Structures are given as C-alpha cells and as structure tokens.
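Please open the model in a viewer and keep the sequence panel at hand.

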Amino acid sequence: KNEVEQSPQNLTAQEGEFITINCSYSVGISALHWLQQHPGGGIVSLFMLSSGKKKHGRLIATINIQEKHSSLHITASHPRDSAVYICAVSLYAGGTSYGKLTFGQGTILTVHP
Amino acid sequence: KAGVTQTPRYLIKTRGQQVTLSCSPISGHRSVSWYQQTPGQGLQFLFEYFSETQRNKGNFPGRFSGRQFSNSRSEMNVSTLELGDSALYLCASSLSGVRLETQYFGPGTRLLVL
C-alpha cells in the first residue's frame, strides 16, 4: 500500500463546477504539499500545510491531522485549471526527511468549456 | 529572482552510456533534491544535497549518483544506462531542505534511453 493515496485518479468537470481532490496518508508527517503539473512537466507548488486551511484565489486546501487526510478544492473551475494535481508529504522522520517528498500518484483534472 | 534551471532539457542516449544532468537552484537556496518521474512509478525521490554533502538518499541503485558544488549547483549522473531509466528528471531547491519549507521545481530534463 502506498504511503500517500489520492482520489480520484481522473476527474472531468464542466467549467464553473466546484472540484474536490482528496489525499490520504498513512505515515507521520510534518507537512503536506499540493503541487500542480502541466503538460511539459513543470511542477508548481500550490500549498504547503501543517494544519488547518489555506486559500489562494479560487484554490482552497485543508488538512485534518488526526484523520490523516487533506483536500484540495477548486471553486468556479476553468479550462486553464486542467493539469495533474499531486499530493506530497514531508515525513516526520528526523534526518531521513531532509529534502525528501513522498508523492501520491496524481489526479488528472480536465475542465471542459 | 531567477527560478530553478535544468540543462539539458532533452536528451537521447543509448543503453550502456552514461549521462550527466545539471541543476542550478534559486539564488540563496542551498538544498537541492532530485526526483525521477515515470508513468509507471510516478515521482520518486533520488537524493538531496546540502552544502556539498549528500544528506538523504532514496532507494535507487548505485548507478545513480550526484554531487553539489560550492555555489549550490548540483549534477546527477547515471552510469550504464538501462531502458528503464527513461524518465523525466526533476530537481527542486529550497533554502535548507528542512521539513517545513516549500520546494521550487525546475522544468526537468527528459531522458530517453534507446
């Protein structure tokens, strides 16, 4: 079983819809990251969370440490939001955590006009 | 401030050859991490360097190695290339590589092994 699991793996939406991507993890973490990857490969960091909730524009990320679960919400989705969204965690494991992210398998989001 | 840069962007090699990829971090960042991305395995951590020292290493064979220079630029080397090494190789930099820092990713080097 992977340490980080995302759902769904594929998501198709119509422009304007509210979107939720979920991430569950099975290990102790110090932070959870939401990343966005567009075709071509470049990865952009959207959020880093250690507790609570963060908002940036139409994106909202939440984390529940007790339940080991995080969600990424996109309000009023737009075709330009089409990308792969990746959940990643920084493990709470002392020296072996240096510079290391452990990734979920990603969610492919397609938003149609 | 310039972002993370990686060279070359694309590379074609044949089995048995070796390859060296380069990563220049954001100015002031001293930690550089390397990742491999394949369709089958997704994103996997290769290793991390800080102040010219490898502090952390993923579960990859010894054919994968790296180094970091005094200006924080980093290189990774893959010797005796195998078909399965075809992948997108990404580097990411952060200030010091500790757990509560954002990592900034480069555009990646796409390696094809024939």
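Begin by selecting Gln6(B), which counts as buried because its relative accessible area is 3% (buried means under 20% relative accessible area, exposed over 50% and partly exposed in between, with a 1.4 Å probe and protein chains only). This is a predicted model, in which local features need pLDDT of at least 70 and side-chain atom pairs count only at pLDDT 80 or more, while totals for chains, interfaces and linings use all residues. Residues are numbered from 1 along each chain as its sequence is written, chains are lettered from A and ligands numbered from 1 in the order in which they are written, and side-chain values use heavy atoms, with hydrogens and water left out.

Colour the model by secondary structure: Gln6(B) lies in strand E1 of chain B, residues 5–7. Strands (E, at least two residues) and helices (H or I, at least four) are DSSP runs numbered from the N terminus.

Next, display the polar contacts of this side chain; a polar contact is a pair of N or O atoms within 3.5 Å, where within protein one must be able to donate a hydrogen and the other to accept it, and residues adjacent in sequence count only if both atoms are side-chain atoms. A polar atom of the Gln6(B) side chain lies 3.1 Å from the backbone oxygen of Tyr89(B). The Gln6(B) side chain also reaches the backbone nitrogen of Gly108(B), at 2.9 Å.

Now extend the selection to the residues in contact (heavy atoms within 4.5 Å).

Select chain B, which has 0 helices and 11 strands. Read along the sequence, its pattern is β-β-β-β-β-β-β-β-β-β-β. The radius of gyration of chain B is 13 Å, which agrees with the value near 13 Å for a compact globule of 114 residues; the radius is taken over C-alpha atoms, and the globule rule is 2.2 Å times the number of residues to the power 0.38. Along the principal axes, the C-alpha atoms of chain B fill a box of roughly 35 × 25 × 25 Å. Of its 114 residues, 49% count as buried. Among contacts in chain B with a separation of 6 or more, 54% are between residues 24 or more positions apart.

**Chain A as a whole**

For the 113 residues of chain A, a compact globule would have a radius of gyration near 13 Å, and the chain has 14 Å, which agrees. Its C-alpha atoms fill a box of roughly 45 × 30 × 25 Å along the principal axes. In chain A, 46% of the 113 residues count as buried.

**Where the chains meet**

Finally, show both chains and select the residues in contact: 25 residues from chain A and 21 residues from chain B. How much area do chain A and chain B bury between them? The value is about 1,800 Å², 58% of it on carbon and sulfur atoms; buried area is the accessible area (1.4 Å probe) that two parts lose on being put together, summed over both. On the side of chain A that touches chain B, the elements giving two or more residues are strand E4 (29–37), strand E5 (43–49) and strand E9 (83–91) of chain A. E4(A) gives the most, with 5 residues.
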